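Subject: Structure handover

Hello,

Here is the structure for you to look at. Please open it beside this email as you read.

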Amino acid sequence: MIAKIVKEADVVVAVYERKLHHSVDDVWAYLTENNKLQQWFPELEIQDLKVDGEIWFDLQNGDFEKMTILQVVPKKILAFTWDKNTVRFELAATDYGCQLFFKEYLYEISDHTPKD
C-alpha cells in the first residue's frame with residue numbers, strides 16, 4: 001500500500017485511501033466485530049467499543065498491548081491509540097460501496113514505523 005504523507009497541525013500523517021466494493025455496514029463490521037476483525041487482523045480484539053474503551057493487541061507471547069479508543073461514530077469513524085501514535089478509520093458510502101480512509105498520526109517516528 002502506498003500512503004500519501006501530509007502534515008496536520010504539525011503532525012505527520014500517513015493517509016491511505018481505498019475504494020471498496022462492500023457496503024459501509026460490511027466494512028464497519030470487519031473493523032468492529034471481533035469474529036470478523038480477527039479474519040484480517042488476528043492480533044486485535046476489541047474489549048469495549050466506546051470512547052475510552054480498549055482494544056488489545058496480542059503480542060503472541062502471552063502479553064497484550066492495550067490501546068485506547070479515542071473516537072467512535074458508528075459506521076463512520078473508529079480511532080484509537082497505536083503505541084505512541086494514533087490511527088483512524090473513516091468510512092463514507094458511495095455508489096460502488098464505500099470509501100475507506102485510514103490515517104496514522106505519527107507523533108513518534110522510529111525504525112519500526114515503515115513496518116506498521
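Below are the notes on the fold and the salt bridges.

The model is predicted, so local features need pLDDT of at least 70, side-chain atom pairs count only at pLDDT 80 or more, and totals for chains, interfaces and linings use all residues. Residues are numbered from 1 along each chain as its sequence is written, and side-chain values use heavy atoms, with hydrogens and water left out.

Start with the fold. The chain has two helices and eight strands (DSSP runs: H or I of at least four residues for helices, E of at least two for strands, numbered from the N terminus). Their order is β-β-α-α-β-β-β-β-β-β. Buried residues make up 37% of the 116 residues (buried is under 20% relative accessible area, exposed over 50%, partly exposed in between, with a 1.4 Å probe and protein chains only).

Now the salt bridges. The whole structure holds six (a side-chain nitrogen of Lys or Arg within 4 Å of a carboxyl oxygen of Asp or Glu). One joins Asp25 and Lys75, at 3.0 Å from N to O. Asp25 sits in helix α1, and Lys75 in the loop between β5 and β6, 50 residues apart. Asp25 is partly exposed at 45%. Lys75 is partly exposed too, at 41%.

Arg88 and Glu90 form another, with the closest N and O atoms 2.5 Å apart. Both residues are buried. Shared partners join Glu8, Arg88, Glu90 and Lys103 into one network of salt bridges.

Best wishes
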